[in-house]
Amino acid sequence: MTHNRRGRPREQGIDAAVRAAVNELLEEVGYQRCTVDAIAARAGVGKAALYRRWKSKAELVFAAVVHDDAIAAPHDTGTLRGDVASVLADIQSALDGPQVRNALPGLLADLRAEDGPTARLGELFLIRERAYLAEVLDRAIARGELARRPEVPVVHAMLLGSVFAWLHLLREAVPPGGLADALAPGLYGAIIELGR
């Protein structure tokens with residue numbers, strides 16, 4: 001999946017330095033004290049460079065600890081069941097870790113407090129996540145596994161919500177095979193039902 005960007009190309013060294021700075025600060029001081037000033041100082045870049053790339057602290061932190069605005073094409077396992085397991089593993093990888101756990105309460109509070117960051121996060125991240133899922137569902141249609149494409153927001157909520165709830169609300173131990181093994185059979189069945 002490729003995405004057109006306007007303006008100057010990003011310098012990957014700056015992005016990597018900022019990502020490292022965010023992750024270090026989240027672990028050391030938590031989300032509230034992980035300020036844009038602190039991130040810029042730790043990364044060795046000016047605040048202006050950060051605001052050219054990310055419009056808010058919430059956007060910057062989301063990009064650093066969950067995923068940025070370029071999502072690789074979903075892995076094609078050859079079956080919808082395998083693809084669902086692969087997507088769940090990707091979601092678990094993105095949402096599981098100390099930095100995400102440190103960031104989520106403050107990040108969610110910031111997103112609920114203002115409409116601007118929420119709308120921008122939707123433009124940058126949710127649209128890409130849903131395009132990723134649409135590709136998985138369209139492949140299943142092409143293989144004859146689904147008669148029609150289920151509503152992508154519904155599938156998105158089912159997959160993302162299941163992993164998020166397990167890791168951050170229920171706080172259950174992750175099974176030895178990972179969440180993909182535990183959740184994929186039921187969620188696969190639900191997607192099949194929705195795609196009849």
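Buried here means under 20% relative accessible area. Keep that cut-off in mind for this tour of a predicted model.

**Whole chain.** Start with everything selected. The protein has nine helices and zero strands. Of its 196 residues, 45% count as buried. Now think about contacts between residues with a separation of 6 or more: 73% of them join residues 24 or more positions apart.

**Helix α6.** Select residues 98-113. This is α6, with 16 residues. From first C-alpha to last, α6 reaches 24 Å, close to the expected 22 Å. Zoom in on Leu104. A kink of about 40° lies there, shortly before the proline Pro105. Which residues of α6 are buried? Colour Gln99, Val100, Ala103, Leu104, Gly106, Leu107 and Leu111.

**The core.** Next, look for the largest nonpolar core. It holds 60 residues. Select Val18 and Leu159, the residues with the most contacts inside this core. Then select residues 178-194, helix α9. This helix gives the core its largest share, eight residues.

**Around Val18.** Stay with Val18 and show its neighbours. What does Val18 touch, leaving out residues up to four places away in sequence? The list is Ile39, Ala43, Val45, Leu50, Trp54 and Leu60.

**Rings.** Finish with Tyr31. Lys57 lies over the face of Tyr31, at 4.0 Å from the ring centre. How many aromatic pairs does a search of the whole structure find? The count is zero.

Technical notes: Residues are numbered from 1 along each chain as its sequence is written. This is a predicted model: local features need pLDDT of at least 70, side-chain atom pairs count only at pLDDT 80 or more; totals for chains, interfaces and linings use all residues. Side-chain values use heavy atoms; hydrogens and water are left out. Helices (H or I, at least four residues) and strands (E, at least two) are DSSP runs, numbered from the N terminus. The expected span of a helix is 1.5 Å times one less than its number of residues. The bend at a residue is the angle between axes fitted to the seven residues ending there and the seven starting there. Buried means under 20% relative accessible area, exposed over 50%, partly exposed in between (1.4 Å probe, protein chains only). Rings of Phe, Tyr and Trp (its six-membered ring) pair if their centres lie within 6.5 Å; planes under 30 degrees apart count as stacked, over 60 as edge-to-face and the rest as tilted. A charge sits over a ring if NZ of Lys or CZ of Arg is within 6 Å of the ring centre and within 35 degrees of the ring normal. A nonpolar core is a set of buried Ala, Val, Leu, Ile, Met, Phe, Trp, Tyr and Cys residues joined through side-chain atoms within 4.5 Å. Contact means heavy atoms within 4.5 Å.
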